[in-house]
Amino acid sequence: MSRRWISLAVKGIGLALFLWILASVDREGVMERIRSADGALLLLSFGLLAGTYIIKTIRWHFLVRLYEGKHTLKESWEIYIIGVFLSVITPAKLGEFGRIAYLVRNGMGKREAVTLNIVDRVLDVAVIGCVAVGAAGVLFGWKPLLIVVS
């Protein structure tokens, strides 16, 4: 089977899964929850989400430039958001493969593209770990946290 057909099949499966999930969502329930939400907190959450994507895109941009140095920030944004979109509509974070495919198609070696994605995921885990430690310190106090960590 050619690469084109495999690509079309993956896209078709992703679209079918997205439509299936969309069809099974209680849209009235979702809209009711949105209407009952605190507007200021909802706007704050969208702002924080946008800020997170901007920071992750800048990190991705620096990682890509370390390998080849030719991507613009706009291209890094497009690559990163393509990966996020594909991760949202497909199971098991398959968007990572979308980023790999995009990088390989634009001239990066497969090994480098995979390594770049692994490094990005490891950095995500490190950041989440730091946030978790800070949250545990706030929730349970710093003394118990230091006893458990040490």
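Q: Where do I start with helix α6 and helix α7, and at what angle do their axes cross?
A: An axis here is a line fitted to C-alpha atoms, for helices over the stretch in contact, and angles run from 0 to 180 degrees between N-to-C directions. The axes of α6 (residues 110-140) and α7 (residues 142-149) come within 7 Å and cross at roughly 130°. That makes α6 oblique to α7, since under 35 degrees counts as roughly parallel, over 145 as roughly antiparallel, 65 to 115 as roughly perpendicular and the rest as oblique. The helices themselves are DSSP runs (H or I, at least four residues), numbered from the N terminus.

Q: Which residues make that contact?
A: Contact means heavy atoms within 4.5 Å. On the α6 side you'll find Val133, Gly134, Ala136, Gly137, Val138 and Phe140, and on the α7 side Trp142, Pro144 and Leu145. These split into 7 nonpolar, 2 polar and no charged (Ala, Val, Leu, Ile, Met, Phe, Trp, Tyr, Cys and Pro count as nonpolar, Asp, Glu, Lys and Arg as charged, and the others, Gly among them, as polar).

Q: What kind of model is this, and how are residues numbered?
A: It's a predicted model, so local features need pLDDT of at least 70 and side-chain atom pairs count only at pLDDT 80 or more, while totals for chains, interfaces and linings use all residues. Residues are numbered from 1 along each chain as its sequence is written, and side-chain values use heavy atoms, with hydrogens and water left out.

Q: How many salt bridges does a search of the whole structure find?
A: A salt bridge is a side-chain nitrogen of Lys or Arg within 4 Å of a carboxyl oxygen of Asp or Glu. The search turns up 7 of them. One of these joins Lys56 and Asp124 at 3.6 Å, N to O. Lys56 sits in helix α3 and Asp124 in helix α6, so the pair ties together parts 68 residues apart in sequence.

Q: Is Arg59 buried or exposed?
A: Buried means under 20% relative accessible area, exposed over 50%, partly exposed in between (1.4 Å probe, protein chains only). Arg59, in helix α3 (residues 39-67), has 18%, so it's buried. Lys56, at 23%, is partly exposed.

Q: Which residue forms a salt bridge with Arg59?
A: Asp120 does, with the closest N and O atoms 2.8 Å apart. Asp120 lies in helix α6 and Arg59 in helix α3, so this pair links parts 61 residues apart in sequence.

Key
Helices (H or I, at least four residues) and strands (E, at least two) are DSSP runs, numbered from the N terminus.
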